[in-house]
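Take a walk through this two-chain model. Start with the overall build, then go to single elements, and end where the chains meet.

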Amino acid sequence: MAITVEPLGDNTIENPEERAPLVLGGLDYAGVTDKVCAIWEADKAPKIWWLVLAGAACLLLMFGACINHLLMKGVGIWGNNNPAYWGWPIVNFVFWVGIGHAGTLISAILFLFRQNWRTSINRAAEAMTIFAVICAGTYPGVHIGRVWVFYWLFPVPSEHLAMWPNFRSPLLWDVFAVSTYFTVSLLFWYMGMVPDIATYRDRAKSKMRKFVYGLLSLGWTGSARGWHRYEAAYVILAALATPLVLSVHTIVSFDFAVSQVPGWHTTIFPPYFVAGAIFSGFAMVVTLLVPARRLYNLKELITIRHLENMNKIIMATGLMVGTAYGIEFFIAWYSGVAMERFAFYNRAFGNYWWAYWIMVSCNVFIPQLFWFKFFRTNTIAMVVICIFVNIGMWFERFVITITSLCRDYLPSSWHYFHPTGIDIMMFIGSFGLFTTLFLLFCRFLPIIAISEVKSIMPSEGDHH
Amino acid sequence: MTEKTKSEVSEQKLVGLLAQYEDPGSLISACNHARESGYKKIDAFSPFPVHGIDPALGIPRTILPFFVLIIGLTGCAVGLGMQFYANAADWSPLFPGYSFMISGKPFFSLPANIPVTFEVVILSSALATFLGMWALNRLPRLANPLHRISRFKRVTNDKFFLLIETKDPQFDRTETESQLSSWGASVVEEVKEDLTDQQLPSWLQLAGLMTALLLLIPPVLIFRAEGMTNRKPRLHVVPDMDWQDKYKTQTLSPNLGDEKHPKFLFVDGRAMQEPIPGTIARGDLDTDSEYFRGIKSGTDAFATVSSAGARTSLQDDTRQDDAANDKPAEPNSDTAATSEPDWVTQFPTNVEVNLELLERGQDRFNIYCSVCHGYAGNGDGLVNTRALALAAAGKAQWTAAKSLNDPEIIKNPVGRIFDTISYGRGTMGPYKDQIPVEDRWAIVAYVRAIQGTGIKPESTTKAEEDAVAE
């Protein structure tokens, strides 16, 4: 089917008289299908895809080798040492799990708020969520010492252990929160994808593809009764995922806030962590989608308006995070607790001042550029800013974890944290895992929710 | 149609009529017409959820939300109950709960248990939503007659379909077709069910059978291994901490240097160090001679005890260790070897002989002593009896265990009995390391009690003599 080539209009202009179109280029239903399926139906993946996949696979191998080394030698190969027993592994865990928040936010919260622009980006964002949570889960997963008895994390009846996990520990809440989040995100993602997998099934040419996609699509026919229950289930899942997504980073923040380390024991942590998570997650979505839309020529579906909306959210959550930084200082002063005051003074002006100011520059100052429309709508500029945001968010977790632990209540144990080479390789390696999974997703699964995009298009020959 | 397909045609059954519409609007109007004409078994198919199709088809609201609510509430109860059971309750026949004391906080406090409860509610509700939705939709259903129609493949792309099933009482092949066309259908087509569709392909049946058989192998191997004995050590899939890089106590240190310049952990070549001379380990300051050795205090403890030759060298070693702890060995120990120490004849003052002590003594006696000396102390324990039989057959060397009711034995003061239990006598081994001091005194009290009963050893019966002779 020929795709009608129309000039892409500028859909970022606000016109109160009509809703801005979310699908450009005059695409009809078949046009949308063809556009998305073209990625999968292409005989060969683009060269750049292979190049990036090769690089990512190398990093993934390195990641695997590091984990193997860790299992053989023990956690001593990391820089974690008294008093900073939580070093890079927890920093990376919180970093990744934070990134993993944008997907469910887009698919659940924006769905409940009837934000139609979510339809073009939610699939990729959900996939990103799942891959980010996989990366996140790896760190505590390999940090538990005896990885082969990881199931002791869960309340599994065991004659061998003859005891149960401590349900009043935030670390156990984390196990439940992250594993629930992963499961629910996966269900949500897969359920949303079934109608689109059915599209792939119906267009498949090779026997292999017919079989695999036929199995995955569960025999979906698009029946009205099916859609009725499907939509009901979708709303319920969205309503369940909304508090879930807020709870996950809240509970992650409890890992810190429930302890008594100066700089951690604050009630602002849950909202501040959630805002930071959304902030970094959206930045990652923009960082991934801009190259993807360019590579796969999806400009008609992922329009500048979509990207601009995300950039607005990034700026809003960035301001929330900035406010939280300020409030933390105020509360430290207002509390009158000497150690608390010192902890925050030390963050900004102690021996980790460099990390603190990288964090503030990347998270608070640089996103202010989004006040200007040029930066919100220029794809290269926004990717650069979003990369800075993610650098800043990594440093935020570093600052919180390391500065507080290295300056705890006992000055005799104060210490300057040094990561080892393995720490650095494992962090870089996790990007290999993430990128590999995302590239495979782009090639073999529908990266845009085809059926959802169609449902927000003005219908042809509308009679009702 | 070729000859080959004709035989298949005979197995095909008409399921319904499928009408194609080009846009959602005409689909909805067709649905409305169909419903108003009284059709019940109708369904519409579309690439995306078409708004307004539910009332047009008369689809009732799904019960999914109620199902999810019930599962969610159940999840809440299970989540809370699980935490209470695991951390606050000690009862359970199979896997007991474990009252987990953390910083003296209450075992069960709702605020701390909310996060996990919340996550369990979300998880169970989400699973219920996901699984419930597919179950209500009767999916997965991989063989559907609709998938046989090539035109229907565009239902997931850009076309809209209405199906009226033959099961509908109003269904009439020609009448329904003309109605569907008049409601704006671009094409009307028959949907036929091929009964062969319902059979699994033969290769799949074979593959399934093979998989099932292969899956049986691991459990069979496990059960087989469980029912067998094996002299090899068990399989260590994960070595855990079974083997550690460490030197055990009382072993030689390996040479850490090279041949020419041997280096050991400690200069004496041991893997552990001796206590510094003059130090006593915690709890080992056995100054009360009457209590710890059964010898009257003030008299010489060890030098005289070792009624020479009766003890093995090992026993002598331990004796020397003890002596080193207490006081240096007497230079004239060898000469005094035959004389007996001054045994206590009364129980030490800190051993209160009462029923409780006797019961404890009986308990310990039955565990440690009765195997040779017999439950009544007559020297007819099972080990002794069996060993005597073997010795009589020339298969073993054995010195008969003494009857505790032997008049010579009864004469022994309590201190000597205590010493015998502690260090052994003749071929009897020492029980000092197995039985704590207070239990040894309890055994002494019990031995005294059974000696007091005056039960004499029974003369061996004829049968036993026969057994010995064999």
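The model is predicted. Keep that in mind for every number below.

Begin with chain A. It has 16 helices and 0 strands. Its radius of gyration is 23 Å, close to the 23 Å that the globule rule gives for 464 residues, so chain A is as compact as a globular protein of that length. Its C-alpha atoms fill a box of roughly 75 × 55 × 40 Å along the principal axes. Of its 464 residues, 49% count as buried. Take the contacts in chain A with a separation of 6 or more: 80% of them join residues 24 or more positions apart.

Helix H6 of chain A covers residues 170-203, which makes 34 residues. From first C-alpha to last, H6(A) reaches 48 Å, and 50 Å is expected at 1.5 Å a residue. The two values are close. Where does H6(A) kink? The kink lies at Val194(A), shortly before the proline Pro195(A), and amounts to about 45°. H6(A) is also mostly covered, with 24 of its 34 residues buried.

Turn to chain B. Here there are 15 helices and 4 strands. Of the 470 residues of chain B, 29% count as buried. Among contacts in chain B with a separation of 6 or more, residues 24 or more positions apart account for 67%.

Finally, the chains meet. On this contact, 60 residues of chain B touch 56 residues of chain A. On the chain B side, the elements giving two or more residues are helix H2 (24-36), S2, helix H3 (53-57), helix H4 (64-88) and helix H5 (110-136). So which element of chain B gives the largest share? H5(B) does, with 15 residues. By class, the side of chain B that touches chain A has 36 nonpolar, 16 polar and 8 charged residues.

Technical notes: Residues numbered from 1 in each chain as written. Chains lettered and ligands numbered in written order. Predicted model: local features only at pLDDT ≥ 70, side-chain atom pairs only at ≥ 80, totals over all residues. Contact = placed C-beta atoms within 7 Å. Nonpolar A, V, L, I, M, F, W, Y, C, P; charged D, E, K, R; others polar. Rg over C-alpha atoms; globule rule 2.2 N^0.38 Å. Buried ≥ 20, exposed ≤ 12 C-beta atoms within 10 Å, placed from the backbone. Expected span 1.5 Å × (residues − 1). Bend = angle between axes of the 7 residues up to and from the residue.
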